[in-house]
Amino acid sequence: MIFPTTPSQTVGPYFAIGLPWAEGPHAVAPGTPGAITISGMVYDGAGEPVPDHLIETWQCDPEGRFADLHGFGGGSTVPGFRGFARCGTEDGDGSFEILTVKPGRLPGPGGRLQAPHIDVSVFARGMLHRCVTRIYFADEPEANAECPVLTRVPEERRGTLLAQPTGPGAYRFDIRLQGPGETVFFEV
Amino acid sequence: MSETTQVETEIYDPVTDTPQRYMREPPGAHPPLDYPPYKSTALRHPKEPLVYLPHTITEITGPQLGPERVHGELDADLTRQHPGEPIGERIIVTGRVMDTEGKPLRDTLVEIWQANAAGRYRHRWDRWPAPLDPNFSGAGRCVTDAEGRYRFITIKPGPYPWGNHYNAWRPAHIHFSLLGRAFAQRLVTQMYFPGDPFFPYDPIFNSVLDPAARERMISRFSVHGTEPNWAQCYEFDIYLRGPGATPFEEAF
């Protein structure tokens with residue numbers, strides 16, 4: 001390292017004038033076969049909804065390919081797959097919803113396969129730096145048991161990273177920034 | 001193989017020219033999540049220790065958002081988005097997005113948002129008695145060029161009051177959001193202006209505990225970038241995380 005990084009500052013309460021856009025929550029085009037929704041709430045340490053949060057997600061497609069900036073990771077062949085979703089509103093109620101497809105498994109440390117996962121950044125007023133978490137899927141128990149990243153997480157906290165199926169093509173994933181059931185956050 | 005050669009081949013992948021791992025930032029590089037002088041951090045900071053996330057392909061890749069978000073020159077010119085011109089000092093805000101090795105990051109999306117010259121945001125929650133400007137929305141975006149350079153035309157924002165403590169004011173600032181090339185590089189920061197009288201009193205600015213690091217958030221007035229009869233220029237280079245060697249923690 002020759003140059004130190006520029007420090008982070010909070011996104012503040014007014015990011016809605018600049019960051020969200022209508023198609024932002026769509027990591028895939030609406031109508032994509034196999035599309036799923038992942039929705040949930042963001043809560044603070046008092047158990048109250050965080051109405052001014054911003055969520056961003058990043059993931060591979062079902063074949064483990066990325067819609068990467070420079071084509072790294074193989075390049076997705078799913079039409080309209082962006083792999084990135086951004087969700088945050090001017091007048092939120094603490095909820096978020098993204099439209100995506102379930103990611104495939106990717107190689108991880110030690111040559112072991114990771115379980116299907118989605119990287120998540122959480123931003124808000126009162127957060128001086130983003131918090132990073134991962135969405136795993138409760139209906140992938142074998143893959144989850146083998147994942148070299150998920151198995152680093154203390155076992156009693158792993159449940160906070162599992163999106164629960166709530167119906168055909170729908171999952172629920174809540175984020176608790178602090179307090180009982182606090183979501184696992186990562187040092188990335 | 002000499003030590004120098006070994007480090008060089010680990011920096012950027014020779015085929016993809018992309019880091020295979022990103023450096024871990026030293027303590028103090030960023031503000032703490034728990035910072036009591038900034039009151040709303042109290043309920044929004046995790047209390048459990050962070051779990052170490054090794055850099056896998058998910059963390060070293062990143063989205064292509066340029067074509068989606070930037071449709072033309074007007075996206076980067078916040079003074080020409082309405083029928084009339086906004087009130088205030090027209091400024092050029094320009095700089096380069098680079099990594100910690102000094103390598104320019106090309107084709108990467110830069111998004112900004114800000115208050116108007118009076119310090120008022122065009123957002124329904126900002127209600128303090130400063131005038132809105134019908135010719136200013138306050139948001140822009142552009143993609144860096146081959147040298148990693150971005151360039152915006154905008155109006156110098158004013159400071160504005162907020163409720164953190166008695167007589168609290170934010171120094172004038174422009175919010176910057178950078179995707180970089182990879183998920184690991186994502187950064188949201190604020191650009192400040194030299195000599196702002198509110199620096200000593202602002203808990204958000206001072207949450208960056210190292211004084212040298214605070215200086216890196218302050219733009220530089222550029223007389224040579226200033227264009228005669230038209231606009232002042234402020235320069236602001238942004239450094240995102242660059243490559244790092246695989247640390248011991250990942251050898252399992």
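Let me start with a pairing in chain B, where strand 8, covering residues 173-178, is joined to strand 9 by 6 bridges, with the two strands running antiparallel. Within that pairing, Ile174(B) stands opposite Met191(B), which belongs to strand 9. Please keep in mind throughout that this is a predicted model.

These two strands belong to an open sheet of 4 strands in chain B, whose order is 4-3-8-9 and whose pairing is antiparallel. At the edges stand strand 4, residues 139-143, and strand 9, residues 187-192, and because each of them has a single partner strand, one side of each is left without a neighbour in the sheet. On average, and with direction ignored, neighbouring strands of this sheet are turned by 20 degrees against each other.

Stepping back to chain B as a whole, its secondary structure comes to 5 helices and 12 strands. The radius of gyration of chain B is 20 Å, close to the 18 Å that the globule rule gives for 252 residues, so the chain is as compact as a globular protein of that length. Its C-alpha trace spans about 65 × 40 × 30 Å along the principal axes, and buried residues account for 41% of the 252 residues. If we take the contacts in chain B between residues at least 6 apart in sequence, 73% of them join residues at least 24 apart.

Now to chain A, and to strand 5, residues 118-124. Why can we call this strand largely enclosed by the rest of the structure? The reason is that 6 of its 7 residues are buried, so the rest of the structure largely encloses it. Strand 5 of chain A pairs in the antiparallel sense with strand 2 of chain A, residues 53-58, over 6 bridges, and it is also joined by 5 bridges to strand 6 of chain A, residues 131-137, again running antiparallel.

Finally, the core. The largest nonpolar core has 105 residues, and those with the most contacts inside it are Val122(A), Ile135(A), Val97(B), Val110(B) and Leu178(B). Leaving aside residues up to four places away in sequence, Ile135(A) touches several residues, among them Ile38(A), Val120(A), Leu161(A) and Phe173(A).

Terms used. Residues are numbered from 1 along each chain as its sequence is written. Chains are lettered from A and ligands numbered from 1 in the order in which they are written. This is a predicted model: local features need pLDDT of at least 70, side-chain atom pairs count only at pLDDT 80 or more; totals for chains, interfaces and linings use all residues. The radius of gyration is taken over C-alpha atoms; the globule rule is 2.2 Å times the number of residues to the power 0.38. A residue is buried if 20 or more other C-beta atoms lie within 10 Å of its own, exposed if 12 or fewer, and partly exposed in between; C-beta atoms are placed from the backbone. Two residues are in contact if their C-beta atoms, placed from the backbone, lie within 7 Å. A nonpolar core is a set of buried Ala, Val, Leu, Ile, Met, Phe, Trp, Tyr and Cys residues joined through C-beta atoms within 7 Å. Two strands pair if DSSP finds at least two bridges between them. Axes are lines fitted to C-alpha atoms, for helices over the stretch in contact, and angles run from 0 to 180 degrees between N-to-C directions.
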